[in-house]
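Please walk through the helix packing of this model, pair by pair, and then turn to its surface. The text below is meant to be read alongside the coordinates.

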Amino acid sequence: MGQRPVGSGGSGTNPRSGRQETEEERADRRWGDLLQELRVAQTGVQILFGFLLAVVFQPRFADLSTVDRNIYVVTVMLGSATAAALIGPVSYHRLLTGRRMKPQTVTWASRLTKLGLGLLFCTMCSTLLLILRVALHNAAALWLVGGMALWFLVCWFVFPLWAIARDNGRRAAGGGEAPDAGDPDPRP
């Protein structure tokens, strides 16, 4: 069937995770986890992108300043790039299915997802900037977007990185191995 995990010796247990799974089983599990994450992100991107596409057809669009129109164009392009990156793993998986490349597929799909999350951050900030500039007509929009961008960074990146650092500190003090938290592979 599948191959034993690297470094498992004869026991079939991955020393990094304590799980008994082959490389293929691990890839299947990681792929399932990634699909669940993508479902959440893709739904939000699709709703946001639909909103962005409808904006240009609204009567008030003609009243936007050149700066606001430029922000709109950048926002639509970012939304398109975000959708491509977050839908890309599905295409990648579909085209490689049956070629016995599941571990590589999961690695590349994970990288595309991380890229998509970075693009989603930019899309959200750009969308907020456009909306708040139109709504407020003043410099407060930049401050509000900056504050919200900081909040996104904290929720999406700082909290997870803090949890990793905190867990690594505990493991170093206890001398234990890092457990598999769904994606223990340190590679992107």
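Helices α1 and α3 run roughly parallel to each other, because their angle falls under the 35 degrees that counts as such. In this predicted model, helix α1 spans residues 23-55, and it packs against α3 at an angle of about 20°, with the two axes 10 Å apart. The crossing of this pair is left-handed. Sorted by class, the residues in the contact of α1 with α3 comprise 14 nonpolar, six polar and five charged.

Between α1 and α2 the angle is about 150°, and the axes lie 9 Å apart. The cut-off for roughly antiparallel is over 145 degrees, and α1 and α2 are therefore roughly antiparallel to each other. Here too the handedness can be stated: α1 and α2 cross in a left-handed manner.

The remaining pair to consider joins α2 with α3. Helix α2 covers residues 66-96 and helix α3 covers residues 102-136; their packing angle is about 160°, and their axes are 8 Å apart. That angle makes α2 roughly antiparallel to α3. The crossing of α2 past α3 is left-handed. What is the contact of α2 with α3 made of, by residue class? It divides into 21 nonpolar residues, 12 polar ones and three that are charged.

Taken as a set, the orientations read as follows: α1 is roughly parallel to α3, α1 is roughly antiparallel to α2, and α2 is roughly antiparallel to α3.

The surface is the next topic. Six names belong to a nonpolar surface patch of about 520 Å²: Leu-117, Leu-150, Leu-153, Phe-157, Leu-161 and Ile-164.

Methods. Residues are numbered from 1 along each chain as its sequence is written. This is a predicted model: local features need pLDDT of at least 70, side-chain atom pairs count only at pLDDT 80 or more; totals for chains, interfaces and linings use all residues. Side-chain values use heavy atoms; hydrogens and water are left out. Axes are lines fitted to C-alpha atoms, for helices over the stretch in contact, and angles run from 0 to 180 degrees between N-to-C directions. Helices (H or I, at least four residues) and strands (E, at least two) are DSSP runs, numbered from the N terminus. Angles under 35 degrees count as roughly parallel, over 145 as roughly antiparallel, 65 to 115 as roughly perpendicular and the rest as oblique. A crossing is left-handed if the near helix is turned anticlockwise from the far one by less than a right angle, and right-handed if clockwise. Ala, Val, Leu, Ile, Met, Phe, Trp, Tyr, Cys and Pro count as nonpolar, Asp, Glu, Lys and Arg as charged, and the others, Gly among them, as polar. Patches are made of residues with over 30% relative accessible area and no salt bridge: like charges are joined within 9 Å, nonpolar side chains (Val, Leu, Ile, Met, Phe, Trp, Tyr) within 5 Å. Accessible areas come from the Shrake-Rupley method with a 1.4 Å probe; for residues, only the protein chains shown count as cover. A salt bridge is a side-chain nitrogen of Lys or Arg within 4 Å of a carboxyl oxygen of Asp or Glu.
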